[in-house]
Every structure is written in C-alpha cells, then in structure tokens.
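Reader: Can you walk me through this one? Keep it quick.

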Amino acid sequence: SNMLSQNLLPEMYTCKYCDVPIRINRMYRHEKHCDKLKLLTEIQSQPYYSHNCNIFDHHSDSFLDDAGSNDCLNFKILKLYGNFVQPLITKSIFDKKEDFATEIDRNRMKHKNQEISILKEMVARGLLPNVVNKSSTPNENEGDCKLTIVELGAGKGRLSHTLGEFLPTANFVCIERSAYKTKSEKLLPNSRRAKVDLQHVDIAKLLETFQLEEGTDLDRQKVVFVGKHVCGSALDFSLMAIKNYSFIHPDRLHGIAIATCCHASCSWTNCAAREFLQAITCDDANDVGSTSCFSLPKEENNNLCITDAEWPQMRKMAGFFTPDMVYLQNLYQRRHAVHEHSVENVGVVDMEDVIDSMLQDEQCPQEAIEETVEDCISGHVRRAALGLMCKRLIDWGRVRFVERYLGLQTELVLHVDATISPENCLLIAYKKT
C-alpha cells in the first residue's frame, strides 16, 4: 500500500527561481509567493535593466577541433607573454609594503592596503584629484563636485567607502547583483546602490535615473569606473557596459581602474580578450622587437593565435596560479635551499623572477626551454608561473579592447605586493595627454 501511495503522489519539480522542490500541483501557488521570483521581477522592472545588453557577439563555443599538444600551447604562452605582456606590465611607483591602515583592525588591513594603493595609482594618473592627504580639503575648482565614481561588482562597497573618505563631495554608485546586509557606502553622503547583474545593466540609464532624482547636472559630469577583484566574466561584461556607455556619452568617460581576478572562470563566448587572442600572428610578435622573442618550429610558424580548442586548457592553466603563497614558498625552499643551513632566509618566491628565468634564453629551441625550466625551478612552481602568464595574457587582451574601443591609454600595474594579494594586477586606463 505504501508503494502504491508513493506512485500516486504528484511528481516533484524544482522551482527554476529558488531551486526548491515543489509538487507539480502546487507549482502555480508557489510561484505566486516565491521571493526570488518577486525579486527578479522587481529588478527587471527597473529602467536601467536591459536583458543581455552587455554580452559579446562572439559565436558559441566549439571545441571539437584538435586542441594540439600541451607543449605547443605552453610554448605559445611563453612567446606571447615575452613579446606582448611583459613589456606592458609596470610595478607600482609607491612602496607596496607600506602600512597605510595602522588604525584598522588586522583582518581589514589587507583590504585597506589594496584600496589605498588603487587610490594612489588613480591619483598619480590624474583620474582623481590629489587629495590623498586627509588634512587637505578638496578644491571645488578641481571638479570634485561633478565627479561620479561607479564601483562595478561592489560587494559590500568598501572600495567606494575608502575613496569617499578622501573625496567626500563625489557621487558614488555601487552595482552589485547579490544582497549584502553590510553596505559600507551607506556611510557616505552621496551614494546609491543598484542591485542588478553587470550582464544586464545599462549604465547610461542607471546614472541618468539616479542623478535626475538627485538634481545633478549631467552635462558637468566626469565618470570613473572602479572595481576591486571583479571576477571572471563579470569584468568582461563591465568592459562591454563601459563601451556601450562611451558610445552614448564619450565626453563623460574619464577613466577606469579595475583589479582583475578569477581568470579561470572566464567564458570564451563573452571574453573581451578573445578578438585579440585569435588574431595574433608570428609577424605581429616579431614586429614588437622584444628581447625575449623565441623562434617557433617551422611547422608551427603560421600563427600564435589561441584557438577555440585551446581555450579550455588555457583557462584551466590560469587556475594553476594558486593564491596560497605559503605553499609556493615551501616548494621553493625545498627546491633551492638544499645547501643552506637554514631555509628561513630564503624568502617568499617571486613569480616574476620565475617567469624571467623561463624567458632568459632567447634563441634556444622548445626542447631546450623545457629542460632549462625543469632544471632551474620545480614543476609545481613552473605550473604556477604558466598560470600567471595565462592570467596576464587574458589581461593583455582586455587592455587591447580598452585601447581600441574606448581610446584610453591603458596600463597593467602591480599595485600591491603579492604577499598582500596574489591578485595584484590593476587595469588602469586614462585619457591620453
């Protein structure tokens, strides 16, 4: 009888909005009271919501072709990094180990240091007025009153809060799809928050909606886009959203400062770097004239582009660069401190030095490069170095995207020390002088 009663029970379905299992005969009633559906309906009713307005026009992923050997992909990454990426990366001009936040709790100090470093890099390139010294008062003539800072993937809004401490008269707009109980930007006098996915946000309508409500003069507006650790495809959606905004208001875009993160979760379909990674040839690499230019084998001398079939492996390799610097330090110490009496003085491994050792021999063939790398560093650290190069190569494609479509001068800056945060690469763009 129990088996018979179970067979007669209505079939169970999962609500596509809240993932709660519901019987089919109660689904209609559930949808009338589903909190997630109500929230989604509320978001979609906002004037700045535009479904999939920031996706790319790339074709769907197709990885049916032969991906080739891993050695060929590794060699492509070495050559591309040495010719294109390495000359572009600059280190911060400030002391990256300076303790900016002695009065802040230790758990907050790491994030505060990163936020202050982003602020200093923006001030150095003219994106913000020079008000780093708290004792100085912002000058109205410098345009601080008409400055609008849009934080993308804001989370709890801590970056906006830190910038607001130095720019009290600026307007702040935080865009975040998730709900947070703690919103640090609420402490600022001129701040608004939009709960919407970066994939669907129309920034022009968003700023127009918020600033018309506040009576702000839209014609006297300078907009700076910021972000701290904007993860994966969210950064690509952000760049497309900024591109769409610049088409409507090209004179209002003042600059960009976004710290990249989570490259292993990027999508090839919606990747800002895809257009440029697929168009690289050997002639392009040789024209750069980098001192670390390798020679490809004759059978591979046609191009250096990253194909659709190679992207999954490249994205996987980007995840090899683990944020656990202590683990890398222990590996480095075991490898290089055999003849040392103590390993305490070896220090934390510098991945930039590891990459330099991988690019030091300019004319050796591929097999010799592999042997040289295996002799000088451990396999795990080499994997991490390849992962870091994959991350920087994706960032390089994003730099090209900003330069081509936004017309801004763009840099990749290591704004903090890797011991503070391994994700320490800041994509910063500003108007050419």
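Author: We start with the whole chain, then go to one strand, its helix and the salt bridges.

Reader: What am I looking at?

Author: This is a predicted model, where local features need pLDDT of at least 70, side-chain atom pairs count only at pLDDT 80 or more, and totals for chains, interfaces and linings use all residues. Residues are numbered from 1 along each chain as its sequence is written, and side-chain values use heavy atoms, with hydrogens and water left out.

Reader: How many helices and strands in the chain?

Author: 15 helices and 10 strands. These are DSSP runs numbered from the N terminus: helices are H or I with at least four residues, strands are E with at least two.

Reader: And what share of the chain counts as buried?

Author: 50% of the 433 residues. Buried means under 20% relative accessible area, exposed over 50%, partly exposed in between (1.4 Å probe, protein chains only).

Reader: Take E4. Which way do its side chains point?

Author: Leu147, Ile149 and Glu151 point one way, and Thr148, Val150 and Leu152 the other. All are buried. In a regular strand, side chains alternate between the two faces of the sheet.

Reader: Which strands does E4 pair with?

Author: E7 (residues 222-231) runs parallel to E4, joined by 5 bridges. Ile149 stands opposite Val224 there. E5 (residues 171-175) also pairs with E4 in the parallel sense, over 5 bridges. Leu152 has Ile175 of E5 as its bridge partner. Pairing requires at least two DSSP bridges between the strands.

Reader: What links E4 to E5?

Author: Helix H6 (residues 158-166), in a right-handed β-α-β crossover. Right-handed means that, with the strands pointing away from the viewer, the path from the first strand over the helix to the second runs clockwise.

Reader: Is H6 enclosed or open?

Author: H6 is largely enclosed by the rest of the structure, because 7 of its 9 residues are buried. Among them are Leu159, Leu163 and Phe166.

Reader: Back to Glu151. What is the nearest side chain of opposite charge?

Author: Arg193, 6.5 Å away. Glu151 is buried and has no salt bridge. A salt bridge needs a side-chain nitrogen of Lys or Arg within 4 Å of a carboxyl oxygen of Asp or Glu. For charge, Lys and Arg count as positive and Asp and Glu as negative; His and the chain ends are not counted.

Reader: Which side chain does Glu151 make a polar contact with?

Author: Ser160, at 2.4 Å. A polar contact is a pair of N or O atoms within 3.5 Å; within protein, one must be able to donate a hydrogen and the other to accept it, and residues adjacent in sequence count only if both atoms are side-chain atoms.

Reader: How many salt bridges in total?

Author: The count comes to 11. One of them joins Glu165 and Lys112 (3.1 Å, N to O). Glu165 is in H6 and Lys112 in helix H5 (residues 106-124), 53 residues apart. Lys112 is buried at 7% relative accessible area, while Glu165 is partly exposed at 32%.

Reader: Which residues are linked in a network?

Author: Asp236, Arg392, Asp395 and Arg398. The Asp236 to Arg398 bridge is 3.0 Å, N to O. Asp236 lies in helix H8 (residues 233-248) and Arg398 in helix H15 (residues 379-406), so the pair ties together parts 162 residues apart in sequence.

Reader: Last one. Where is His229, and what is its phi?

Author: His229 is in strand E7. Its phi is positive, about 60°, although it is not a glycine. Most residues other than glycine have a negative phi.
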